Amino acid sequence: MDCRQVHQAYSVYLQSKLSPQQMEWVAKHIQDCPDCYLLDQSVRQVFVEDKLVSPPENPLP
Ligand SMILES: [Zn+2]
């Protein structure tokens, strides 16, 4: 699996909707490839922050 295939599958990968084998391919590629690792890190940050119910900082009144 190369970077282009990872990028194509990535949005589906984030939703865990690939086949188990494809999930493994993408996960392995991300571990081995600095470019895709950085992409994964930055996308995941946004993705996770978006899903947080409560914000980390609670402004005092
Ligand atoms: Zn890559």
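1. Start with helix 1: its 12 residues reach 16 Å from first C-alpha to last, close to the 16 Å expected at 1.5 Å a residue. Keep in mind that this is a predicted model.

2. Now helix 2. It has 13 residues, which at 1.5 Å a residue should span 18 Å, and its end C-alpha atoms sit 19 Å apart, so the length agrees.

3. How do the two pack? Two packed helices are described by the angle between their axes and the distance between the axes. Here, helix 1 (residues 3–14) and helix 2 (residues 20–32) meet at an angle of about 115 degrees, with their axes 10 Å apart. The crossing of helix 1 and helix 2 is left-handed.

4. Which residues make that contact? From helix 1 you get Val6, Ala9, Tyr10 and Tyr13, and from helix 2 Gln22, Met23, Val26 and His29. By type, the contact of helix 1 with helix 2 has 6 nonpolar residues, 2 polar and no charged.

5. Which residues of helix 2 are buried? Val26, His29 and Ile30 are. Those residues lie on the same side of helix 2, because they cover an arc of only 100 degrees around the axis.

Key: Residues are numbered from 1 along each chain as its sequence is written. This is a predicted model: local features need pLDDT of at least 70, side-chain atom pairs count only at pLDDT 80 or more; totals for chains, interfaces and linings use all residues. Axes are lines fitted to C-alpha atoms, for helices over the stretch in contact, and angles run from 0 to 180 degrees between N-to-C directions. Helices (H or I, at least four residues) and strands (E, at least two) are DSSP runs, numbered from the N terminus. A crossing is left-handed if the near helix is turned anticlockwise from the far one by less than a right angle, and right-handed if clockwise. Two residues are in contact if their C-beta atoms, placed from the backbone, lie within 7 Å. Ala, Val, Leu, Ile, Met, Phe, Trp, Tyr, Cys and Pro count as nonpolar, Asp, Glu, Lys and Arg as charged, and the others, Gly among them, as polar. The expected span of a helix is 1.5 Å times one less than its number of residues. A residue is buried if 20 or more other C-beta atoms lie within 10 Å of its own, exposed if 12 or fewer, and partly exposed in between; C-beta atoms are placed from the backbone. The arc is that of the directions from the helix axis to the C-beta atoms.
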